[in-house]
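Visitor: I have a model open and a few quick things to ask. Can we go through it together?
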Amino acid sequence: MPGEGKNDVLVSYTPANFPYYEAEDAIVVVIDILRATSAICAAFINGVARVIPVKTVEEAIAYREKGYLAAAERNGEKVPGFDMGNSPYDFLEEDLKGKEVVLTTTNGTQALAAASGSHKVVVGSFLNLSALCKWLIEQDRKVVLLCAGWKNKYNMEDSIYAGAVVGELLKSERFSTTCDSAIAASHIFGIANYDLYRFLDYSSHRIRLRQLQLEKDIRYCLQRDITDIIPILEGDALVPLRKAPSRSAVFQ
């Protein structure tokens, strides 16, 4: 059983497994390192006002027809006819500041939809890792780390990130776990932490993005602690968490 008086921290490796985690009273961290949650963080770094995640291309088209900027990705590639794809660099354009952007992706926005009924839903990436861990510890509540995976299959980069968060929460002594997937993720992070880029060299999605000549995106997404911004789901949109904590870079 979890430690008495401590909060549980759990890891779901795919959205398909998520319904088994009883997350209605939990803070859920949605993770899609390559690339949706990294791109979302990049958008807010650039001053985007809101990101509206939707599950389907058809929903994104409907928003676009109403005049919204719309980003759509499937199988790692930008969907033809949309303003943007899923590259973090798409969201760093100067003319996006203050704008609302609709986003649909192969995996990340599906995970956000799966988590939407939880107590709170926030977005995690290596870009905001330390700020997110500090904030989660301050909330003193059960945490479920939801990996987007790849089409409901396990992937490496999301579980590595989940393991980084698990390790920090357990070190705080406010959390405990008997969740095997959380324990496994923390061990994987311990092995991968020496060089994430090299460790992921043969992972499926890095190979997929390499074939699409998107190595630049991978390097961007593996940067650590370049922002304190924590995107949080409010209604149908992600916005920057108000009064996010000052950064305390726990991974140096």
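This is a predicted model: local features need pLDDT of at least 70, side-chain atom pairs count only at pLDDT 80 or more; totals for chains, interfaces and linings use all residues.

Visitor: Got it. How many residues of strand S8 are buried?
Guide: Five of its five. S8 covers residues 143–147 and is mostly covered.

Visitor: Which way do Val143, Leu145 and Cys147 point from S8, and which way Val144 and Leu146?
Guide: Val143, Leu145 and Cys147 point one way. Val144 and Leu146 point the other way. All of them are buried.

Visitor: Which strands pair with S8?
Guide: S1, residues 7–12, pairs with S8 in the parallel sense over four bridges. S2, residues 27–31, also pairs with S8 in the parallel sense, over five bridges.

Visitor: What stands opposite Leu145 in S8?
Guide: Val11 does.

Visitor: And what is the bridge partner of Val28 in S8?
Guide: Val144.

Visitor: Is Cys147 buried or exposed?
Guide: Buried, with a relative accessible area of 1%.

Visitor: What about Cys221, where is its closest cysteine sulfur?
Guide: In Cys41, at 9.7 Å. That is too far for a bond. Cys221 is buried too, with a relative accessible area of 0%.

Definitions and conventions: Residues are numbered from 1 along each chain as its sequence is written. Side-chain values use heavy atoms; hydrogens and water are left out. Buried means under 20% relative accessible area, exposed over 50%, partly exposed in between (1.4 Å probe, protein chains only). A disulfide is a pair of cysteine sulfur atoms within 2.5 Å. Helices (H or I, at least four residues) and strands (E, at least two) are DSSP runs, numbered from the N terminus. Two strands pair if DSSP finds at least two bridges between them.
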